[in-house]
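Dear colleague,

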Amino acid sequence: MHAQIFLSAAGRIACQASDPACFNPNRSLSFLFVVIFITLGLCGWGCGGGGGSAAKSALSPDTALSTDPSGAPSTNSGAPATTPSDSVSLLHFGNAGFGGDDTNVLQTALNYTAANGETLEIPSGSYNINPLSFPNNANVLVDAGVTITANPGYGANTTMLNISSSNVKITGAGATVSVFHMLKAQYTSGEQRHCMYIVNASNVTVSGISCNDSGGDGLYLASSTNVTVEDCIFNNNRRQGSSITGGVNHVFYLRDHFTNTNGTAPQSGLDIEPDAPGNFLLDVNIEDCYTDNNAGDGLMVSPWLLNSSSQPVSVTVLRNHSTGNQRYGYFANNNDPSNAPGNILIQDSFSDQSGSYGAVGRFYAANGASLTFQNLTVINPHVNGPDPVLGDSAAVGIVRGGGGTIPLGNVHFLNTTIAITNGKSDRYFNFQDNSGIGIKNVQFEPNSLSGATNTPPNGLDQGSGANAMD
């Protein structure tokens with residue numbers, strides 16, 4: 001809105017602002033005060049101060065967009081460094097962030113901006129919501145200083161952020177400052193109150209946010225393709241930091257943290273576990289992530305519900321850090337007697353201070369996908385003592401308690417580094433099938449080994465000593 005319109009309406013200046021006569025320096029200083037007053041007023045309307053935000057919150061979406069053709073939201077110190085030119089502030093759509101239920105404002109804003117090809121910017125503030133659904137083409141920018149909390153009363157199967165659509169992008173300013181969380185203390189039963197639920201979706205990118213304190217998983221992912229989750233935190237969730245339950249293709253978890261899971265089993269940082277033979281795992285990639293301080297395992301890969309009719313498994317884990325988990329740093333199992341083929345590679349990764357084994361193929365049948373730990377480093381496993389089920393204290397293992405019908409195996413520990421200073425591991429490896437069926441196609445190739453209390457030899461193969469396994 002032009003300055004001369006305000007001035008003419010006030011009856012103070014009759015000429016146009018472009019007329020040089022209007023800027024005669026010999027005029028009264030009152031002109032200067034008027035200009036300063038108008039400038040401040042305009043900045044309050046469009047530059048994002050408290051008054052500007054309040055004014056915009058009273059506008060309908062159509063009015064707000066026609067008033068501000070650029071669609072730029074109010075700026076504040078919590079905004080990411082680059083704000084898209086097509087972004088529209090949540091506060092265009094109504095009052096939000098005042099302690100009430102903000103679900104309707106947020107859902108309206110999501111639907112409107114997605115339908116119009118715009119980016120929804122959520123400005124710094126605290127919001128409360130019931131479940132939200134992200135439509136096709138939703139693009140959301142979450143500023144620093146945003147906390148979005150689940151309202152009380154979520155049911156046993158109610159999920160907070162629901163993505164069953166295509167071309168969705170959620171971008172936070174950083175996982176510690178752009179926060180979604182639920183009310184875990186209220187969820188004393190159940191395991192399906194997930195914070196983020198991505199199912200039957202495609203082309204989804206989530207970055208720079210956290211999803212914490214759920215009654216289920218921080219992130220539940222299934223039946224989706226082209227999904228990238230990067231630089232995110234999933235902390236203090238009840239069942240898993242994240243579950244990938246199959247039917248997925250082209251999945252990338254990059255630089256994420258899956259931490260402090262506790263409440264109901266399995267209580268792991270990350271669980272890759274298909275639910276049925278048709279739920280394939282294709283091109284699943286976990287890179288530079290952290291699976292720390294979970295009450296269960298750090299990382300689980302459990303294709304035990306797949307069989308020979310399933311598509312080949314393809315899972316790659318690179319440079320993962322798994323520290324302080326109460327059970328295993330890395331755990332894998334599959335089925336007996338039928339399994340999916342394929343490859344599971346865990347490479348250049350670390351296990352530190354695990355409650356039991358640093359890494360284990362437990363009930364891992366030899367006719368399943370190849371399981372390879374390449375360049376694995378294990379430090380001070382068995383902080384809780386010998387394994388509570390199998391009773392041994394080796395750093396890594398391939399083990400079965402009983403009940404098997406086919407051999408264990410197709411597990412490979414290549415170029416393995418193990419360092420023990422806590423005195424709680426007696427061997428570097430233990431390959432043991434208590435079913436009496438046997439073990440085949442296994443490897444243990446050491447790099448650097450130190451500190452086991454009952455060596456040499458380095459490990460046991462069905463109770464017999466061995467230094468390496470080829």
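Ring pairs join Y330, F373, F413, F429, F431 and F444 into a cluster; rings of Phe, Tyr and Trp (its six-membered ring) are paired if their centres lie within 6.5 Å, with planes under 30 degrees apart counted as stacked, over 60 as edge-to-face and the rest as tilted. This is a predicted model, in which local features need pLDDT of at least 70 and side-chain atom pairs count only at pLDDT 80 or more, while totals for chains, interfaces and linings use all residues. Residues are numbered from 1 along each chain as its sequence is written, and side-chain values use heavy atoms, with hydrogens and water left out.

The whole structure contains 11 aromatic pairs. The pair of Y197 and Y220 is stacked, because the ring centres are 5.5 Å apart and the planes stand at 15 degrees. Y197 belongs to strand β10 and Y220 to strand β13 (residues 217–222), so this pair ties together parts that are 23 residues apart in sequence. Strands (E, at least two residues) are DSSP runs, numbered from the N terminus. Y197 is partly exposed at 26% relative accessibility, whereas Y220 is buried at 12%; buried means under 20% relative accessible area, exposed over 50%, and partly exposed in between (1.4 Å probe, protein chains only).

F413 and F431 are also stacked, at 6.3 Å centre to centre and 20 degrees between the planes. This pair links distant parts of the chain, with F413 in strand β32 (residues 408–419) and F431 in strand β33 (residues 429–433), 18 residues apart. Both F413 and F431 are buried.

Cysteines

The structure has 1 disulfide, a term for a pair of cysteine sulfur atoms within 2.5 Å. C195 and C211 form this link, with their sulfur atoms 2.2 Å apart. The link is left-handed, with -80 degrees about the S-S bond of C195 and C211.

C232 is in no disulfide, and the nearest cysteine sulfur, that of C211, is 8.5 Å away.

Methods:
Helices (H or I, at least four residues) and strands (E, at least two) are DSSP runs, numbered from the N terminus.
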